[in-house]
Amino acid sequence: MAESLGLATVKEKPRPQQHPLPPLPNAERYPRIHVRFAPNPDSVIHLGNSRAAILSDEYAKIYRGIFTLRFEDTSPSIKPPQPEAYEAIKEDLKWLDVRWDNEVIQSDRLPVYYDYAERLLRIGGAYICTCPVDRFRELISEKKTCPCRDLPVDEQIARWRGMLEGEVKKGGAVMRVKTILDHPNPAIRDWPAMRIDTKPHPRIGTRYRVWPLYNFASGIDDHLLGITHILRGKEHEVNMARQKFMFEYFGWEYPEAIHYGRLKIEGTVLSKSKIRAGIESGIYESWDDPRLGTISALRRRGFMPEAIRRLILEVGVRPSEATISWENLSSINRKILDPVSKRYIFLADPKPMSLEGIEKEFEVSIPIHPDHPDWGSRRFKIGLGSRIIIQSSDLISTKTRKTPYLRLMNLFNVEITPSGSCRFHSEGIAEARSIGAPIIQWLPEGAGTPISVVKPDASRDPGLVDSGVIGEALPQVFQFYRYGFVRVCRSGNSLIGYFAHS
RNA sequence: GCCCCCAUCGUCUAGCGGACUAGGACACAGCCCUUUCAAGGCUGCGACAGGGAUUCGAAUUCCCUUGGGGGCACCA
């Protein structure tokens with residue numbers, strides 16, 4: 001009720017062209033909204049992961065709520081945490097302008113999980129199952145009970161201690177939460193909550209040998225931390241159903257959960273395991289390889305955090321799958337970048353040319369930004385004997401088009417003679433139009449610095465860029481005239497560019 | 001095999017029983033502007049998966065079919 005009006009006024013920065021996010025369900029029932037982002041620090045985050053973070057951040061801002069960042073690192077063996085990932089994820093989040101109030105690491109909270117595991121055993125909500133996993137699956141698929149399920153509480157506790165104290169070997173026992181044996185969804189029947197994992201954890205070593213599984217740790221924490229609203233992918237819908245049994249035993253109320261659909265980006269792999277495999281096999285150079293959809297790769301290529309946020313907000317919280325196109329992301333980014341990006345000249349596959357027919361000296365200035373004359377301009381002098389550099393592709397185009405003319409941007413018009421020389425034709429822009437000369441970018445010989453531009457497919461465009469970029473703060477995203485937006489970085493003594501989009 | 005979720009232009013999205021001859025963005029086409037193949041302006045193209053049902057009236061509710069996604073881990 002209060003939402004539709006309330007949202008507009010509370011929102012910090014109104015984004016006019018944005019679909020407003022729908023109100024959070026039952027927001028009025030909670031004195032303070034509390035959201036969380038719960039990544040697994042087994043690697044960096046990508047566009048798909050950032051959705052939960054950005055959406056949660058946005059709602060936290062709208063409702064002036066609390067945002068908790070929770071690292072879910074409870075699987076030393078199967079999803080081993082990467083020590084660098086904790087910081088890398090935080091860096092990505094900061095870059096995305098996601099702000100959090102609390103930070104929790106699940107591997108610090110094992111005693112809490114142990115406490116609640118024992119409570120659950122004592123109230124009969126869980127049991128320690130020592131059946132071989134294949135045997136258990138067989139029974140459960142036939143809706144049959146496992147012999148461990150109905151053992152008395154004392155025996156359960158004794159078995160639990162055995163797990164904790166090392167009497168039980170890895171794989172020898174698991175704690176299961178009792179649900180409904182003949183639940184129509186086999187995925188929900190008596191789900192595992194605790195298991196033994198003796199592999200050293202990178203943060204806390206071998207201090208613990210029993211680790212909670214996702215549904216147990218996540219559910220316990222969501223309640224204990226006071227999370228009111230969970231935003232996560234639809235793949236967690238079944239997990240919610242599982243966790244609700246545990247909440248029922250404890251007499252807790254399950255948080256409001258919003259499950260949005262899968263987010264894909266056209267032609268790009270967003271699966272962490274596939275990315276990792278690609279890096280290990282040498283297909284990708286690193287986690288920020290320009291071909292990837294990781295946040296670090298997008299950053300490296302010159303996508304702005306605001307562009308990612310707008311995209312995520314546009315996609316919203318619908319439960320259907322969405323396949324975003326690079327065109328869409330690029331268009332948003334272009335609108336952000338275009339008004340603020342300095343223009344420089346870049347020549348791919350440069351070709352030096354002598355100028356013929358020059359009878360005076362020309363002074364040209366090429367604006368740093370066409371809409372901001374006050375930003376200054378690049379000035380060059382061209383006179384007798386000057387040589388210039390153009391792109392090979394523009395030279396070739398004079399042969400494939402009907403006219404042999406080119407206009408050198410802000411300079412004059414030339415004719416490419418059949419012998420391949422470059423002859424002064426006329427000075428004015430009007431003449432250029434009348435002879436159908438396309439305007440091309442160019443550089444005086446000696447004014448360029450070598451640069452290699454890495455394209456989104458990892459191929460490279462070697463060329464020359466106006467040496468003026470060397471005086472700029474780098475890395476910085478520029479628009480190269482007639483080429484596109486490129487993030488220019490120093491690489492040792494040379495320059496390297498990453499192509500964002502045209 | 002069993003279970004859950006989803007379904008509007010090529011893509012993203014608005015729509016929550018009458019204001020829909022279905023709106024916007026991107027892409028595409030044309031025109032304008034422009035000394036960038038950028039940005040900007042205008043115009044155009046273009047969708048309610050199919051079938052039943054409810055209703056005076058359905059993109060909007062219900063059912064079925066089809067299609068897509070996810071789950072059935074001692075992963076998260």
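Helices (H or I, at least four residues) and strands (E, at least two) are DSSP runs, numbered from the N terminus. Contact means heavy atoms within 4.5 Å. Axes are lines fitted to C-alpha atoms, for helices over the stretch in contact, and angles run from 0 to 180 degrees between N-to-C directions.

This is a predicted model: local features need pLDDT of at least 70, side-chain atom pairs count only at pLDDT 80 or more, and totals for chains, interfaces and linings use all residues. Residues are numbered from 1 along each chain as its sequence is written, chains are lettered from A and ligands numbered from 1 in the order in which they are written, and side-chain values use heavy atoms, with hydrogens and water left out.

Start with the sheet. It is open, with 4 strands in the order β4-β5-β6-β7 and antiparallel pairing. Two strands pair if DSSP finds at least two bridges between them. The edge strands are β4 and β7 (210–212), each pairing on one side only. From one strand to the next, the twist averages 20°.

Two helices meet this sheet. Helix α4 (residues 110–122) packs on it and touches β4, β5, β6 (192–196) and β7. The direction of α4 makes about 85° with that of β7. Helix α6 (residues 153–165) lies across β4, β5, β6 and β7 and runs at about 60° to β4.

Now look along strand β4 (residues 126–129). A126 and I128 point one way, Y127 and C129 the other. All are buried, meaning under 20% relative accessible area; exposed is over 50%, and partly exposed lies in between (1.4 Å probe, protein chains only). β4 joins strand β5 (residues 174–177) over 4 bridges, in the antiparallel sense. Within β5, V174 is the bridge partner of C129, and R176 is that of Y127.

Move on to helix α7 (residues 214–224). It is mostly covered, with 8 of its 11 residues buried. Among them are N215, F216 and A217. Just after α7, G226 takes a positive phi of about 80°.

Finally, find R407 in strand β18 (residues 405–408). Which side chain of opposite charge is nearest to R407? It is E431, 6.7 Å away. Lys and Arg count as positive and Asp and Glu as negative; His and the chain ends are not counted. R407 is buried yet has no salt bridge, which is a side-chain nitrogen of Lys or Arg within 4 Å of a carboxyl oxygen of Asp or Glu. Leaving aside neighbours within four places in sequence, R407 contacts residues including F412, E427 and I440.
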